[in-house]
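Hi everyone, thanks for making the time.

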Amino acid sequence: MKIRIAYQAGCLLLAVGFAFSVHAQKNGMTQLPTHEGGAFQLTGSWKSAQAVTMHPDKKDFVKTTALADKATGILVGSSSAKATTELGTGDVVLQLDFMLSPAGSAVVKLPGGYDIQLSDSWKNAKLDGSASGSVAGLMPLQNASKAPGLWQQLLVQFKRSTKTSAAQIEKLTLNGSVIQENTFLSAAPSAQSSIALEVTSGNVAFKNVYYQLLNDTHPLTLKNLTYTLYKAGNDRPKALLSENILKKDTTSILTREWGMGNNSFYLVYEGNMDVAQEGDYLIQLIYMSNASLEIDGKQVLPYQWNDFQQNYVPATVHLTKGSHPFRLDFHKFTWRRPALGMMVSTQGVRPYPLHVLSSVPEPQPIPTIEVTTTGGKAELVRSFIQRQGEKNKRTHCLSVGTPEGVHYTLDLNWGSLLQFWKGPFANVTEMWYERGEPQILSPMGTTTTTKGQVDWAVLADMNAAWPDSLSQLTYKGYRLSPEGVPTTTYRLNNADITDEITPDNGGLTRTINGNLPNGYVRLVSGNSISQLEKGLYEVNGQSYFVRIDPKSKPVVRNVGGQQELLLPLNGTVRYSLIW
């Protein structure tokens, strides 16, 4: 197994500018209508559409439906088409969805003439300045591109150049993966002040374009601050008693330093938040150990633990113009470094601190422990997996990383493909750093998750609900191919079922063998499944493709508000996932 360890200090000074983009998607942002006559000035060949379909392999396969709702319209352009709009002079957060035809490409032009490259680079083995997410020739951190014909999402937070500083990509996310961060652009800015979308080859579609301008005003300030420092241990005090008060006073600053010299303590701030601009405020606490926050007598953040890295703990609250009483509790434990801070932002306002700089020291560097796939064979890691929305961990999971950069995780208890992704393989820091108590593996690339239920079952009839799990399913083990790829074996109803998943043509091909009377393999379950052509289906609004033998006879059914694609398990079932 190949391990790479990299230390990251997690600089909080730089992170201040990034916090907004993580939490602000569509919150307080303005939509730019994408249809002819909308927010963009159009030149070249554009078409307004309600829906668009492109093929992952055929360059000229473009189908559109007539525009029915301008609010959800799509702009579809061909080579040399350009859409331009003036937004104003502030720094900008921009989010949009785009779709490329095979060999298609486009650029998103930022103020100052800086180009973000959008290209059909999903199969590129090497990164260079032409890959999707490249900015002004600077290549991205990883290839996070999806296949042609699928919707992709770009989110960028951009800081314009000033007389004393170069333009900066504070954060750029492609399909959920951060691919540029704190990138200063060396090229001199041009006079261009607009945002532009320009098709450079093939066919490209755009929709869901949102933006927000940022400035450095401070519409929320703290006034009438008092603090009370209590003697406390590592257990939460049942009551804050006057005999345990170590110090009490008024103050003009928010800092954890009133507790210096005490291994553990309990610090309570009370005062007012003076709000000059009504709006939804994103308040983020930065601390170690435990803290809580009340505003106007209502709990905004409950008393809760924060981890080793002093991550931002966010809450959004609507505040009217005027004065709002607040209370901030901070409980420092013996074995934790003290750190206490509060960041605030709102629509059009860059995040800024309400604490003094010395109150939030740099967190201790923690290594990123990564399993790599550079040895020419697949790498296998057994671990726990924590799925979003599930209370309990999946405890019997096998993650497979391939040299082709296409990876997946199986739940061996359930016979279920849990997730699949591309790019770097696996972050195992939570398995091997210090005590490694969580034992959780995390994908390091753009990840697609499944329903997480069993992938084969016996159905009494075609209206029967798909089971979550099968108590009679037994995992029997796996054997490895010369390339290190496992073929897992299960037993169900006295029948053996084998399951092999291999990298293939930029995606994954899955081969399941078995004979089950009234048995089916569920290839996919989603909100929507549409046939693009015989043997090719798009899933969940063009999030990924499923390809099967055009001669096979699948069943597409609606059960419980979801669509399912099934094939009978009476021999070999083979299908491919493309994303």
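Let me start with a question: what volume does the largest cavity have? The answer is about 40 Å³. Before I go on, please keep in mind that this is a predicted model, so everything I quote is computed from it. A search of the whole structure turns up 1 cavity of 30 Å³ or more.

Which residues line the largest cavity? They are N143, A144, S145, K146, K422, T446 and W579.

Now let's move to the sheets. One of them is an open sheet of 5 strands, with antiparallel pairing and the order β28-β29-β30-β31-β34. Its edges are β28, residues 379-385, and β34, residues 447-449. Each of these has a single partner strand, so one side of each is left without a neighbour in the sheet. From one strand to the next, the twist averages 20 degrees.

If you zoom in on β28, you can follow its pairing with β29, which covers residues 394-401. These two strands run antiparallel and are joined by 6 bridges. As a landmark on your screens, look for E379, which stands opposite G401 in β29.

Is S416 buried or exposed? With a relative accessible area of 0%, S416 is buried; the cut-off for calling a residue buried is under 20%. What does its side chain reach? A polar atom of the S416 side chain lies 2.7 Å from the backbone oxygen of Q453. The S416 side chain also reaches the backbone oxygen of G452, at 3.5 Å.

Let me finish with another sheet. Here 6 strands form an open sheet, and the order is β18-β17-β19-β24-β21-β22, again with antiparallel pairing. At the edges we have β18, residues 245-251, and β22, residues 298-306, each of which pairs on one side only. The twist in this sheet averages 15 degrees from one strand to the next.

Inside that order, have a look at β17 and β19. How many bridges pair them? There are 10, in the antiparallel sense, between β17 at residues 220-231 and β19 at residues 265-275.

Technical notes. Residues are numbered from 1 along each chain as its sequence is written. This is a predicted model: local features need pLDDT of at least 70, side-chain atom pairs count only at pLDDT 80 or more; totals for chains, interfaces and linings use all residues. Side-chain values use heavy atoms; hydrogens and water are left out. On a 1 Å grid over the protein atoms alone, a cavity is a set of points where a 1.4 Å probe fits but cannot get out, and a pocket is an open set with protein on both sides within 12 Å along at least five of seven lines; lining residues have an atom within 4 Å of a point. Grid points are joined across faces, edges and corners, and a volume is the space filled by probe spheres set on the points. Two strands pair if DSSP finds at least two bridges between them. Helices (H or I, at least four residues) and strands (E, at least two) are DSSP runs, numbered from the N terminus. Axes are lines fitted to C-alpha atoms, for helices over the stretch in contact, and angles run from 0 to 180 degrees between N-to-C directions. Buried means under 20% relative accessible area, exposed over 50%, partly exposed in between (1.4 Å probe, protein chains only). A polar contact is a pair of N or O atoms within 3.5 Å; within protein, one must be able to donate a hydrogen and the other to accept it, and residues adjacent in sequence count only if both atoms are side-chain atoms.
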